[in-house]
Amino acid sequence: PVNSREWMEELLRTRAQVREVYPHQLEMSMHINAGEDVFCVAGTSMGKTLVLQSGPIAAQARGEKGIALMIVPTKIL
């Protein structure tokens with residue numbers, strides 16, 4: 001079902017073209033999808049960018065219209 005953990009995991013795997021979604025990515029993405037704020041601390045190459053993008057990815061998959069504007073200091077993301 002839409003918005004379930006299984007749906008989110010498959011969606012992120014498909015859209016990001018990765019074999020596996022890290023547990024912290026799925027956990028944070030579920031909170032973002034629920035409209036909650038998150039604070040994610042993870043090492044280099046641990047998938048923080050996918051967490052950041054998970055909200056707009058999920059909204060697009062649900063057919064929601066809109067624009068996502070993300071301005072981040074990518075050197076420290």
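Start by selecting α1 (5-16) and α3 (48-61), two helices of a predicted model. Two packed helices are described by the angle between their axes and the distance between the axes. Here α1 and α3 pack at about 105°, and their axes lie 10 Å apart; an axis is a line fitted to C-alpha atoms, for helices over the stretch in contact, and angles run from 0 to 180 degrees between N-to-C directions. The pair is therefore roughly perpendicular, a label for angles of 65 to 115 degrees.

Now show the side chains at this contact (heavy atoms within 4.5 Å). From α1, pick Trp7, Met8, Leu11, Leu12, Arg15 and Ala16; from α3, pick Leu50, Ser54, Ile57, Ala58, Gln60 and Ala61. By class, the contact of α1 with α3 has nine nonpolar, two polar and one charged residues. In this scheme Ala, Val, Leu, Ile, Met, Phe, Trp, Tyr, Cys and Pro are nonpolar, Asp, Glu, Lys and Arg are charged, and the others, Gly among them, are polar.

Next, select helix α2, residues 23-33. Which of its residues are buried? They are Gln25, Leu26, Met28, Ser29, Met30 and Asn33, where buried means under 20% relative accessible area, exposed over 50% and partly exposed in between (1.4 Å probe, protein chains only). These buried residues pack against both α1 and α3.

Then go to Pro1, in the segment before α1. Pro1 counts as exposed because its relative accessibility is 80%.

Finally, zoom out to the whole protein. It has three helices and zero strands, running α-α-α from the N terminus on; helices (H or I, at least four residues) and strands (E, at least two) are DSSP runs, numbered from the N terminus. The C-alpha trace spans about 35 × 25 × 25 Å along its principal axes. Of the 77 residues, 26% count as buried. Among contacts with a separation of 6 or more, 45% come from residues 24 or more positions apart.

A note on the numbers: residues are counted from 1 along each chain as its sequence is written, and side-chain values use heavy atoms, without hydrogens or water. Because the model is predicted, local features need pLDDT of at least 70 and side-chain atom pairs count only at pLDDT 80 or more, while totals for chains, interfaces and linings use all residues.

How values were computed. Parallel < 35°, antiparallel > 145°, perpendicular 65-115°, else oblique.
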